[in-house]
Amino acid sequence: MKRKLITLLVAGSCLFLASCGDKGATEPDENSSLSDYSSQSESRSSESESEPESQDASDSQAPKDLEQIVDELCQSEYVEDSTGTKVPDSDYLPLPDFEALPANAVFDVQWETTDGSYAAGTSFLMKTDLTENPLLITAIHFFGDEDYISGEALPEYVQGGEIYDIMKDIDAPADGTISGVFPVPDATAFGAVETASKDVAAFTVEDTSAMNAFPMASEPCKPGDMIYLAARLDSEYIYEDNLYPCVVVSDDGTDLYYILTDTFTTSGASGCPLLNSKGEVVGIHIASNGSTRYGHSISSIYEQLKASPEAQ
């Protein structure tokens, strides 16, 4: 699949991301720090006007900036990533309230396409009010050989596929079968348009009655929120529960930036769900640049799905 280097501006910092998810990103400045990624990010609450001296001190404190929030989240435990950047140690970040991934919810897929059969990306089931049964959601940018496949062309390109629960042994039998493409006509690969805001693909699955589907979050994340990347990583270091804690840098309802140490390589994670602590989908993982990760926010994804000719 072709690769293309693009430049994105986030929170006042230039970040260079690989256009094909996790297949070759450039490195950030070796002297960068968390503040370089987020110095202009919004804090969890807006600054309040000065109050009389008699007001309780706890009420008149200035809002915490992102670095303070992160320091509390990781209990001041940091690691240096491959560029020397100080990032939160994932071992010390909070665990989600939902505790564990449900079975038959996140999948590796063996795709059947007009280019042949191959495994790529990570997919998951998601509930919406647009279809009676949950949809299988992933990214679109890993489809195609020499050229990216557009949303309009995807129904002819994908012929089917077998889905495999990531919580089971890698040689376990398939857990379901893809029955068709849920068309998203304006879906466009990240590398083709230099934005993740259209990078999504959706499918229908035969008999989801024994499967679990995630609900959608109702609003974007805030800087400093904890989210969890759910995928079976092809990495030297892994978590056996397939949940990787990340800290949100920004989410404008379209583009979602978050930090996860590059100790974990996320090759193959493109399209996987990003979950909040309640187990709701806040976005899908698209790309990585070292410890800086980049996703497509759920608000934008929903609007694309809603525009499908097969949406209810």
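# Close-up views of a predicted chain

**Figure 1. Here is the whole chain, before we zoom in.** The chain has five helices and 17 strands; both are DSSP runs numbered from the N terminus, with at least four residues (H or I) for a helix and at least two (E) for a strand. This is a predicted model, in which local features need pLDDT of at least 70 and side-chain atom pairs count only at pLDDT 80 or more, while totals for chains, interfaces and linings use all residues. Residues are numbered from 1 along each chain as its sequence is written, and side-chain values use heavy atoms, with hydrogens and water left out. Of the 312 residues, 54% count as buried; buried means under 20% relative accessible area, exposed over 50%, and partly exposed in between (1.4 Å probe, protein chains only). The accessible surface of the chain comes to about 14200 Å², and carbon and sulfur atoms hold 44% of that surface; such areas come from the Shrake-Rupley method with a 1.4 Å probe, and for residues only the protein chains shown count as cover. Among contacts with a separation of 6 or more, 68% are between residues 24 or more positions apart, where contact means heavy atoms within 4.5 Å.

Figure 2. A search of the whole structure finds 13 aromatic pairs. Rings of Phe, Tyr and Trp (its six-membered ring) pair if their centres lie within 6.5 Å; planes under 30 degrees apart count as stacked, over 60 as edge-to-face and the rest as tilted.

**Figure 3. Two threonines in loops make polar pairings.** Thr83 is found in the loop between β3 (78–80) and β4 (86–88), and Thr83 is buried, with a relative accessible area of 10%. Its side chain makes a polar contact of 2.8 Å with the side chain of Asp81, and another polar contact of 2.8 Å joins the side chains of Thr83 and Thr85. A polar contact is a pair of N or O atoms within 3.5 Å; within protein, one must be able to donate a hydrogen and the other to accept it, and residues adjacent in sequence count only if both atoms are side-chain atoms. Now turn to Thr131, in the loop between β7 (123–126) and β8 (135–138). Thr131 counts as buried at 15% relative accessibility. A polar atom of the Thr131 side chain lies 2.6 Å from the backbone oxygen of Asn133. Leaving aside neighbours within four places in sequence, Thr131 is in contact with Phe182 and Gln312.

**Figure 4. Helix α5 has several buried residues.** In α5 (residues 298–306), the buried residues are Ile298, Ser300, Ile301, Tyr302, Gln304 and Leu305. These residues pack against β7, β8, β10 (176–182), β11, β16 (281–289) and β17 (292–297). Ser300 has a relative accessible area of 14%. Not counting residues up to four places away in sequence, Ser300 touches Ser197, Gly253 and Thr254. The C-alpha atoms of Ser300 and Asp255 are separated by 8.5 Å, although these residues are 45 apart along the chain.

**Figure 5. Glu99 and Asp207 each have a positive phi.** Most residues other than glycine have a negative phi. Phi of Glu99 is near 70°; Glu99 lies in the loop between β4 and β5 and is exposed, with a relative accessible area of 66%. Asp207 has a phi of about 50°. The loop between β11 and β12 (226–230) holds Asp207, which is exposed at a relative accessible area of 60%.

Figure 6. Cys272 is buried, with a relative accessible area of 0%. A search of the whole structure finds zero disulfides, a disulfide being a pair of cysteine sulfur atoms within 2.5 Å.
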